[in-house]
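The points are grouped by topic.

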Amino acid sequence: MRARKPSERKTSKPPPPSVPSSAALPSGIAIRAIFDGIAPDYDRFNAWASLGLHHRWRKALVNRIPKDARVLDIATGTGDVAFLAAEAGHSVVGLDFSERMLAKAREKDAQGKIRWVSGSADKLPFSDRSFGCITSAFALRNLRGCLEGVFKENLRVLKQGGKVLHLDFGRPTSSMSRWGHRLHLTYGVPFIGQWICGSRWPKGYLETTIENFYEPADVERKLRAAGFSDVSHTPLLWGVVQLFEGIKN
């Protein structure tokens with residue numbers, strides 16, 4: 001299925017392992033250590049590294065959540081999508097396997113609007129047909145090794161007619177946007193990461209996961225293979241970000 005055109009309307013710890021090449025992607029335990037390590041500075045890094053655009057991308061996702069849906073935000077991090085969904089009137093559960101990320105999310109949730117749960121996206125601790133929508137933002141790359149299992153779990157816990165909405169980084173297609181994107185990944189992101197996180201910044205991890213993630217058509221195929229229909233993706237910012245969606249019939 002062709003992509004729709006982007007809308008105009010989307011005590012210090014030892015440093016976590018660096019990622020020198022696509023052949024050395026870290027294990028789930030190592031990925032948890034990475035996110036535990038950067039949790040205190042995660043929101044600040046996102047704001048600087050995205051030039052402030054990350055909220056706009058997340059809002060594009062939240063705007064597509066079905067009305068009055070019970071939402072599960074997987075790999076919720078510090079809860080940005082979860083908070084936006086709650087502000088939009090949805091009942092929200094935020095799940096993450098990093099306890100330090102969840103601690104930051106709970107700290108931000110002064111009014112206790114959201115239920116925060118520790119768990120893995122490929123083994124969701126919820127009953128079948130529990131949610132009307134499942135969301136994630138910039139998580140799929142980190143789940144690359146178990147993505148088929150993640151999508152099957154998405155399907156299992158969704159109600160009939162429920163929707164998945166997954167936002168993640170992509171690779172632009174035009175030569176000019178590719179040049180700018182690579183320049184930012186090669187120089188801008190590492191500088192910002194080390195400036196904000198210091199020795200806790202996982203050198204090479206973000207760049208490597210973006211460069212080695214599936215093409216949008218491959219993600220769509222995996223969603224269909226898991227059982228989703230009406231699968232599509234929408235490129236945002238010339239394809240720097242991709243928004244994937246599908247329906248459980």
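**Positive phi and burial in a predicted model**

Tryptophan 238 is exposed, with a relative accessible area of 63% (buried means under 20% relative accessible area, exposed over 50%, partly exposed in between, with a 1.4 Å probe and protein chains only). The model is predicted, with pLDDT of at least 70 required for local features and 80 or more for side-chain atom pairs, while totals for chains, interfaces and linings use all residues. Residues are numbered from 1 along each chain as its sequence is written, and side-chain values use heavy atoms, leaving out hydrogens and water.

**Positive phi**
- Tryptophan 238 has phi near 60°, although not a glycine, and lies in the loop between strand 6 (229-236) and strand 7 (241-247).
- Helices (H or I, at least four residues) and strands (E, at least two) are DSSP runs, numbered from the N terminus.
- Aspartate 68, also a residue other than glycine, has phi near 55°; its loop runs between helix 3 (54-62) and strand 1 (70-74).
- With 60% relative accessibility, aspartate 68 is exposed.

**Helix 2**
- Within helix 2 (residues 42-49), the residues Tyr42, Phe45, Asn46 and Ala49 are buried.
- Viewed down the helix axis, the buried residues of helix 2 fall within an arc of 100°, so they line one face; the arc is that of the directions from the axis to the C-beta atoms.

**Strand 6**
- Histidine 233 belongs to strand 6 and is buried, at 9% relative accessible area.
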